Amino acid sequence: MSLQFLADGLVMGAMIGLGAIGLTLTYSILRFANFTHGDFISWGAYLTLTLVSVIGATIPQGAAPIGALSFGWPVVAAGLVAMVLTGLLALALDLLLFSRLRRRGSAIVLVIASFGASLALRSLLEFIFTSRPAYFSREIQVALPILPGVRLTPDQLSTLGLTAVLVAAMHLLLTRSHIGRAMRATSENPTLARVVGIDVAQVVRTTWLIGGALACAAGVMLGLTVQIRPYMGFDLLLPLFAAAILGGIGSVPGAVIGGLIVGLAEAAAVQLIGANYRAAVAFLLILAVLLVKPTGIFGARA
Amino acid sequence: MLDLVGYGAFFLVTALSYAIICLGLNIQWGQTGLFNVGVAGFVAVGAYASALLTTPETADRFGGFEMPIAVGCIGAMIAAGLCAAIVGAITLRLRADYLAITTFGIAVAIQLVALNAQGLTGGPFGIGFIPRPFAALAETPIIFILANLGLVAGLALLTYLALERLARSPWGRVLRAMREDETAAASLGKNPRLYRLQAFVLGGAVMGLAGAVQANFVGFIAPDNYLPALTFQVWAMLIVGGSGNNRGAVLGAIVVWGLWSLSGFAMSAIFPPEQQARAAALQIVAIGTMLAAILVVRPRGILGEEKIVSRHVPATDARS
């Protein structure tokens, strides 16, 4: 049995982990399960696609791909701008909807509202772009042999590399910067954080911006390696939750490791059982974690 | 004129079948505070159970016992209730948002099984030729639809009356007490876990009944009928109507289904036929935004929760 599925699972896991970071941060700092996070991933991918088309329309001669990758600088530039835009989208959603419901108190209402907003955002994408799959590039990449029996395309390798870079950046942000420490303090105890003089509103804003930006990055990578369609993020929602819960809510390294485990588990299930029930793997993982160790691998509190 | 009556009857049958689902959700959420995001799963279990019991025998597929429709409905309630019992036993001790994620996953898993287990459920092709009530009257559409409306309305009324009675019974009062102060209720000797499980199973059984009603009315079911959009529609109905209130559940179902059908008309009027799929997406955007708006502006819904559930206390000016 070839080990190819491990490599595929790792790549998928990296993207799940990246999306799960934003989810675990909002979950721990804002204290509710945000069902809209999957749609930030979809919006990020579509925003990048739109910007790439805009850039492509303004430079008539086109741009060459970078090295062996399938994309050139337009995708990178569009991706960076889209990360900002997706962060702003998340912030706007918070301002319009979640902040008003937070004042009322009940966390359940927030989840219901996020479920509704998720459906609306997803269907808006379907309305604007139709449900036909879209692609950044029609070129077919040749997969390079990495290990005996294992091949990865340059795009997939760049996904792994970018995820590592972003995760390292997030870790440094949370441990070495002032805002990172403020975020960690707020996630432990918001009231006490306010007492010490931390601007909780600014922490909340930063959380949404970072969460949205990372979701966009995950969306772009998913769009590059698979395809872009309106349900791409929503279909990842269960794996995202599984990764966040498995790693322990509030832990960034936990979210990434959880994502890798979920990705590998799904790939293993596809290899051993078949692709039909892939979506149920994440659910079974969630069930297993919640029954055995609800705090997850790195979690401190339930 | 007759067309209008026919359409109105058809609309009401669908709306009332949704109302039954809402009544089931109201037991779980409105009375007990259980956040079930897997409504579609229980409806699917009920629908498939009834279909498998009542359809004629088909090659390559389990079931086809050709039972009467009433048996199908009862079987649906038992199947959905059993499913809820298993799910509830495992998950009800979880915190609210974890329960949401888990029930969401369960609905996804149930839909996956319906989609893939072709030998059991017909897979993506679904199950057809499900017998419809009053099938002998199918030649005269208007009488057929009115007879069905009578049946579904009767079932909805029966469910409503039974659940109202239950809400005002000692059992219902314990649920209210648990929501207000669980420790106090426990100190009086009531086992909260048991009551929560009972409420979850009862709600699931009612949802299964609605699934059977829908399956037997339309005559055909497929896994695509039970996507998260259904769960979302039902939640919107309950919240708009007023959760914690059985009348609100029914009212919300009719109002939201009316809005859905109206927006469907608007879409087909505004958009040309080849854009209809996109227009359907816009419909969902409208409903999603409406739900979010209701939660911000008037979270109690149209009717709001009932303050007093005991029939021994006069409820004159106590309704909120």
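These are numbered notes on a predicted model, taken point by point.

1. Confidence. The model is predicted, and the predictor gives the complex an ipTM of 0.82 and a pTM of 0.87. Chain B has a mean pLDDT of 87. In that chain, 96% of the residues reach 70 or more. Where pLDDT is low, the predicted coordinates should not be read in detail.

2. Helix pair in chain B. Two packed helices are described by the angle between their axes and the distance between the axes. Take helix α2 (residues 39-54) and helix α4 (residues 96-116), both of chain B. Their axes come within 8 Å and cross at roughly 30 degrees. Angles under 35 degrees count as roughly parallel, so α2(B) is roughly parallel to α4(B). The α2(B) side of the contact has B:Gly41, B:Ala44, B:Val45 and B:Tyr48. Facing them in α4(B) are B:Ala107, B:Ile110 and B:Ala114. By class, this contact has six nonpolar residues, one polar residue and no charged residues.

3. Helix α7 of chain B. This helix covers residues 170-180. Its buried residues are B:Trp171, B:Gly172, B:Val174, B:Leu175, B:Arg176 and B:Met178. What do they pack against? The partners are α1 (2-31), α6 (141-167), α8 and α9, again of chain B. Note that an arginine, B:Arg176, is listed among the buried residues.

4. B:Phe217. This residue lies in helix α9 of chain B. Its relative accessible area is 8%, and B:Phe217 therefore counts as buried. Setting aside neighbours within four places in sequence, B:Phe217 is in contact with B:Phe10, B:Val13, B:Arg132, B:Ile145 and B:Asn148. B:Phe217 and B:Val152 are 65 residues apart in sequence. In space their C-alpha atoms are 9.1 Å apart.

5. A:Ile29. In chain A, this residue lies in helix α1 (residues 4-30). Is A:Ile29 buried or exposed? Its relative accessibility is 6%, so A:Ile29 counts as buried. Not counting residues up to four places away in sequence, A:Ile29 touches A:Met183, A:Thr186, A:Ser187, A:Val203 and A:Thr207. A:Ile29 and A:Phe98 are 69 residues apart in sequence and 13 Å apart in space, C-alpha to C-alpha.

6. Salt bridges: the count. Side chains of opposite charge can pair when their charged atoms come close.

7. A:Arg102 with A:Asp94. The closest N and O atoms of this salt bridge are 3.1 Å apart. A:Asp94 has 4% relative accessibility and therefore counts as buried. A:Arg102, at 28%, counts as partly exposed.

8. A:Glu266 with A:Arg278. Their side chains meet in a salt bridge at 3.0 Å, N to O. A:Glu266 lies in helix α10 (residues 252-272) and A:Arg278 in helix α11 (residues 278-292), both of chain A, so the pair ties together parts that are 12 residues apart in sequence. A:Glu266 is buried, at a relative accessible area of 4%. A:Arg278 is partly exposed, at 38% relative accessibility.

9. B:Arg196 with B:Glu182. This salt bridge has an N to O distance of 3.0 Å. The pair links distant parts of the chain, 14 residues apart. B:Arg196 belongs to helix α9 (residues 192-218) of chain B, and B:Glu182 to helix α8 (residues 182-187) of chain B. B:Glu182, at 33%, counts as partly exposed.

10. Most residues other than glycine have a negative phi. Where does A:Arg31 sit? Its place is in the loop between α1 and α2 (37-58) of chain A. Phi of A:Arg31 is near 65 degrees, a positive value in a residue other than glycine. A:Arg31 is partly exposed, with a relative accessible area of 36%.

11. Backbone: a second case. B:Phe129 is not a glycine, yet its phi is positive, at about 55 degrees. B:Phe129 lies in the loop between α5 (118-121) and α6 of chain B. Its relative accessible area is 75%, so B:Phe129 counts as exposed.

How values were computed:
Residues numbered from 1 in each chain as written. Chains lettered and ligands numbered in written order. Predicted model: local features only at pLDDT ≥ 70, side-chain atom pairs only at ≥ 80, totals over all residues. Heavy atoms only, no water. Axes fitted to C-alpha atoms, helices over the stretch in contact; angles between N-to-C directions. Helix = DSSP H or I, 4+ residues; strand = E, 2+ residues; numbered from the N terminus. Parallel < 35°, antiparallel > 145°, perpendicular 65-115°, else oblique. Contact = heavy atoms within 4.5 Å. Nonpolar A, V, L, I, M, F, W, Y, C, P; charged D, E, K, R; others polar. pLDDT = per-residue confidence, 0-100. Buried < 20%, exposed > 50% of the residue type's maximum accessible area, 1.4 Å probe, protein only. Salt bridge = Lys/Arg side-chain N within 4 Å of Asp/Glu carboxyl O.
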